[in-house]
Amino acid sequence: MVAPNDPSDDEVRAALSTFLARGRSRRLRAAPADFHLTRLHLLEGTVTRRVEQRTEVTQHEPGTVDLSEQPVYDVLKNYKLSPNEKPSDRPLHLVKRGTVHLRSCDCGNGRRQCANCNGMKYRPCEPACVCTVCQGVAACTQTLKHGGLPGTPSRPPKPGRADRTDERVNCEACQTPESACPGCRGWGKVRCSECKASGRIPCVPCKGKGTVECATCRGHGNLTSWTAGRIKWPSHTESVSSPVPRPRQVASELSSGGWHTDQLGIHDALPDGLSPDHRSALETHLRPRKGEKEREVVIKRLTVVKATPPDSDNLEFYVFRSSDGRLDVRRRVSEEGRRKVFLAVAAVVALVILVLVLTH
C-alpha cells in the first residue's frame with residue numbers, strides 16, 4: 001500500500017460502471033470488468049529546512065547607542081542559544097564583550113561643507129539671459145545708432161511680453177521710436193528670472209548655510225562602534241520529485257484531488273507503507289545538513305488508476321479519489337487515438353492541396 005485510502009479494483013470498476021451508464025461512451029462494447037487497470041502511485045512534497053548562520057561584523061552607528069539589551073558573547077561559535085532564542089523569524093543580534101567604544105567622527109562637529117555650493121552658501125548664476133522674443137539677434141533695427149549690438153547692461157530690464165511678434169517699442173539704447181524688440185527693448189538680453197539679476201542663487205541643499213548635516217554621524221559628531229554578531233535560521237525549501245510524474249492528460253485535475261498528506265518534523269520517521277521508490281526519493285532530501293536546526297516535511301500521496309478498454313485503443317479513463325472522498329472518473333483520448341486523428345487530418349489536408357493543384 002503506497003497511499004492510504006487507495007481505491008480497490010472493485011471500487012474502480014464500480015465507478016467506471018456508473019460513469020459509462022451516463023451515456024458518455026455508448027460505443028464501448030466491453031464491460032468495466034474487462035478493462036485493464038494500471039496504478040500510478042504519485043508522490044509530491046516539500047522539505048523546508050532552517051539552517052543556522054553565524055556572522056560577525058564591525059558596526060558603526062551615529063551618536064551614543066544603548067546596547068544593554070543585546071546578548072553578550074566572547075566567541076560567537078560557542079554562544080549557546082536559550083530555549084527562548086529561536087532566530088527563525090528575525091535574526092538574533094549580539095555584542096562581543098569589550099568591543100563597544102565611542103569615537104569622534106572626522107567631520108568634527110556633525111556638519112560638513114555643502115558639496116553643492118562648496119561652502120559659498122550660494123550658486124553662481126548669469127545675471128542676464130538672451131531674450132526669448134528676439135533671441136538677441138534683432139533686438140533693434142537701428143543698431144548702428146548705438147554702436148552695434150549692446151553689451152549686457154549693469155541691470156538688464158525685466159522680460160517683456162510680445163502679443164505681436166512684429167510689434168516694436170522705443171529702443172532704450174539708441175532712443176529710436178518703434179525700433180526695438182518689446183521683450184528686451186533693444187538690449188538683446190533680459191534680467192534672469194531665477195536670480196533676479198543678482199548673479200547668485202541661494203543654495204537649496206544647505207539652505208544658504210554653507211554646511212549640511214554629516215551623513216556619517218547624522219549630526220552627532222561621534223559614533224558608537226562595536227563588533228556585532230548575528231545568528232539567524234533562514235529557511236530553504238526543496239521540492240521532492242515524484243518517481244512517477246503526473247499523467248499529463250489529467251495533470252490539472254489532480255491538483256484538486258484527495259491527496260493524503262503527512263507532515264513530519266526533524267525527528268519524525270517516514271510513514272509506513274511507502275514503496276521503495278518513494279522512500280528512496282524522500283531519503284535523498286532528508287539527509288542532515290550542516291547547521292540544520294529545524295525541518296518540516298510535507299508528503300502528499302495519491303493513486304491514479306488508468307483504465308484501458310480492451311476493444312478500443314482510442315480511449316482511456318483515469319480514476320482517482322477527489323477531495324470529498326469519492327472516486328472521480330475522467331475520459332480522455334489516448335496517445336494512439338491522438339496519433340490517428342493527427343494522421344487523418346494530415347491526409348485530408350494533403351488531399352485538399354492535391355485537388356487544388358490539379359484544378360489549377
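This is a predicted model: local features need pLDDT of at least 70, side-chain atom pairs count only at pLDDT 80 or more; totals for chains, interfaces and linings use all residues.

Colleague: What does Asp74 pair with in a salt bridge?

Modeller: Side chains of opposite charge can pair when their charged atoms come close. The rule here asks for a side-chain nitrogen of Lys or Arg within 4 Å of a carboxyl oxygen of Asp or Glu. Asp74 forms a salt bridge with Arg97, with the closest N and O atoms 2.9 Å apart. Asp74 is in the loop between strands E3 (72-73) and E4 (92-96) and Arg97 in the loop between E4 and strand E5 (101-104), so the pair ties together parts 23 residues apart in sequence. Arg97 is exposed, at 52% relative accessible area. Helices (H or I, at least four residues) and strands (E, at least two) are DSSP runs, numbered from the N terminus.

Colleague: How many salt bridges does that rule give?

Modeller: The count comes to 20 salt bridges. Among them is Arg49 with Glu292, at 3.3 Å from N to O. Arg49 lies in strand E1 and Glu292 in strand E15, so this pair ties together parts 243 residues apart in sequence. Arg49 is buried at 3% relative accessible area, and Glu292 is buried at 13%.

Colleague: Which strands pair with E15?

Modeller: Two strands pair if DSSP finds at least two bridges between them. E1 (residues 36-51) and E15 (residues 292-308) pair in the antiparallel sense over 16 bridges; there, Gly45 has Ile299 in E15 as its bridge partner. Strand E14 (residues 260-264) pairs with E15 over five bridges, also antiparallel, and Thr261 has Lys300 as its partner in E15. E15 and E16 run antiparallel too, joined by four bridges, with Tyr318 in E16 as the partner of Lys306.

Colleague: Where does Lys300 lie relative to Trp259?

Modeller: A charge sits over a ring if NZ of Lys or CZ of Arg is within 6 Å of the ring centre and within 35 degrees of the ring normal. Lys300 lies over the face of Trp259, 5.3 Å from the ring centre. Likewise, the charged end of Arg200 sits over the ring of Tyr122, 4.0 Å from its centre.

Colleague: And how many aromatic pairs are there?

Modeller: A pair of aromatic rings is described by the distance of the centres and the angle of the planes. Rings of Phe, Tyr and Trp (its six-membered ring) pair if their centres lie within 6.5 Å; planes under 30 degrees apart count as stacked, over 60 as edge-to-face and the rest as tilted. The count comes to two aromatic pairs. The ring centres of Phe19 and Phe317 are 5.9 Å apart with planes at 75 degrees, so that pair is edge-to-face. Phe19 is buried at 4% relative accessibility, and Phe317 is buried at 0%. Phe19, Phe35 and Phe317 form one aromatic cluster.

Technical notes. Residues are numbered from 1 along each chain as its sequence is written. Side-chain values use heavy atoms; hydrogens and water are left out. Buried means under 20% relative accessible area, exposed over 50%, partly exposed in between (1.4 Å probe, protein chains only).
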